[in-house]
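Here is a short note to read beside the model. Please keep the sequence at hand as you go through the points.

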Amino acid sequence: AEYMGTRLNSMSSRRGGAAAGGAGRGKKPARTEEEPEVGAAPAEGESPQDLTQFVQDLLQQMQTRFQTMSDQIIGRIDQMGARIDDLEKSIGDLMQQANIDADGQ
C-alpha cells in the first residue's frame, strides 16, 4: 500500500497539477497498448503480483481520466471568465454611449 501511495504521489507531481499549461484540454487521450480495458481483471489463479499490477493500472486509468476531466472543467471555467469579461466590456461601452447620447441631447 505504501508503494502505491508513493507511486500515485510521484505521478501527480510529474503531471504538475492544474497549473501545468492547458495542453490537451478538451481532447480525450489516445488509448495505448499498455492500457488494459477497464474491467479486464486478472484471471483466477494468477499471482498476487498480477493483481497488484491490475489495481495499479486501474488506479492510473482513473487518475488519468480524472485529470482529463479536471483539465476540461478548468478550460470551460477559463472560457466562461473570458466571456464574462467581454460581456462586462460591452455593457461598459453601451453605458458610455448611452451617457454620451443623453448628455448630447
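1. Start with K89. Its relative accessible area is 56%, so K89 is exposed. The classes are buried (under 20% relative accessible area), exposed (over 50%) and partly exposed (in between), with a 1.4 Å probe and protein chains only.

2. This is a predicted model: local features need pLDDT of at least 70, side-chain atom pairs count only at pLDDT 80 or more, and totals for chains, interfaces and linings use all residues. Residues are numbered from 1 along each chain as its sequence is written, and side-chain values use heavy atoms, leaving out hydrogens and water.

3. Which residue does K89 meet in a salt bridge? The partner is D93, at 3.2 Å from N to O. A salt bridge needs a side-chain nitrogen of Lys or Arg within 4 Å of a carboxyl oxygen of Asp or Glu. The count by this rule is one. D93 is partly exposed, at 34%.

4. Why can K89 and D93 be about one helical turn apart? They sit four residues apart in helix 2. Helices are DSSP runs (H or I, at least four residues), numbered from the N terminus. Side chains of opposite charge can pair when their charged atoms come close.

5. Helix 2 spans residues 48-104 and also holds L87. L87 is exposed, at 51%.

6. pLDDT is the predictor's confidence in each residue, from 0 to 100. The chain's mean is 75, and 57% of its residues reach 70 or more. Over residues 1-25, pLDDT stays under 50.

Note on methods:
Helix = DSSP H or I, 4+ residues; strand = E, 2+ residues; numbered from the N terminus. Contact = heavy atoms within 4.5 Å.
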